[in-house]
Amino acid sequence: MARNDNQIPRRTAKLVFQQCDSRCAFCGDQEISVLDIHHIIPRRDGGSNDLENLLVACKNCHARVETGEISADQVNRRKRILVSGLRLHGGSGSSTIQINAPVTSSIVAQNVHLHSPKKASVRVAPAPGTIGARPEMKNYVDHLITRYHKMREADASYGRTAPLKYGLIHVSIQRKFGAKTFFLPESLFEDLATYLQERIDSTIQGRVNRRNSEQNYSEFSDYLRKYGHAK
């Protein structure tokens, strides 16, 4: 089937954001600058721009879908819940949802546990001692990965034709360090940050910026000061 390169109609984009409550369908992130519209059946396979084929995902979760870390079954389950008029809370492994529609047997999916919207969602804490358990480290790694993707997107204007697959940076990290990005121990944080900075600097746009004395990313200490994590 031919690839779908048609632009998503503005009305459809608005509807999918409304359906997902303007948050990532997997982790609940509401930062608009990192939210994408994900095609459940990929564009490359002819996936349509119809509402039933779309949901909202942050860039990190979008990458996890691309690499298979979030399975197709999980994606389809999330979409079914949203179509049923329910709202998701918690991470991609959570089944905690809030009911925003009358509950009937037709909308209660198998293995979905219903909880009162007044109760707090249960989140599984990252393992102590990992980068994911340290918000300032995780957020800085997210910053570097976002900057890398921005640079790679800009490389297209210089004639770079290789497609950008957002999940590949996480695959590269796992191959180099032997574990998934946010499951790496704190002791590897500096090595990971240096690796990502080098990847950013090696992009075409990154090299251009450096020649023009423009900053490609925030240093960790500057990032902490800017976002109030410094002690």
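Biologist: Being four residues apart in helix H8, by about how much are tyrosine 223 and tyrosine 227 separated?
Modeller: This is a predicted model, in which local features need pLDDT of at least 70 and side-chain atom pairs count only at pLDDT 80 or more, while totals for chains, interfaces and linings use all residues. Residues are numbered from 1 along each chain as its sequence is written, and side-chain values use heavy atoms, leaving out hydrogens and water. Helices are DSSP runs of H or I with at least four residues, numbered from the N terminus. Because the two tyrosines are four residues apart in H8 (residues 220-227), their separation is about one helical turn.

Biologist: How many aromatic pairs does the count come to?
Modeller: Rings of Phe, Tyr and Trp (its six-membered ring) pair if their centres lie within 6.5 Å, and planes under 30 degrees apart count as stacked, over 60 as edge-to-face and the rest as tilted. By this rule, the count of aromatic pairs is six.

Biologist: What kind of pair do the rings of tyrosine 223 and tyrosine 227 form?
Modeller: The ring centres of tyrosine 223 and tyrosine 227 are 4.7 Å apart. Their planes stand at 45°, so the pair is tilted.

Biologist: Is tyrosine 223 buried or exposed?
Modeller: Buried means under 20% relative accessible area, exposed over 50% and partly exposed in between, with a 1.4 Å probe and protein chains only. Tyrosine 227, at 45%, counts as partly exposed. Tyrosine 223 has a relative accessible area of 9%, and is therefore buried.

Biologist: How many disulfides does a search of the whole structure find?
Modeller: A disulfide is a pair of cysteine sulfur atoms within 2.5 Å. The sulfur of cysteine 20 is 8.5 Å from the closest cysteine sulfur, in cysteine 24, which is too far for a bond. For cysteine 27, also in no disulfide, the nearest cysteine sulfur is 3.7 Å away, in cysteine 58. Across the whole structure, the number of disulfides found is zero.
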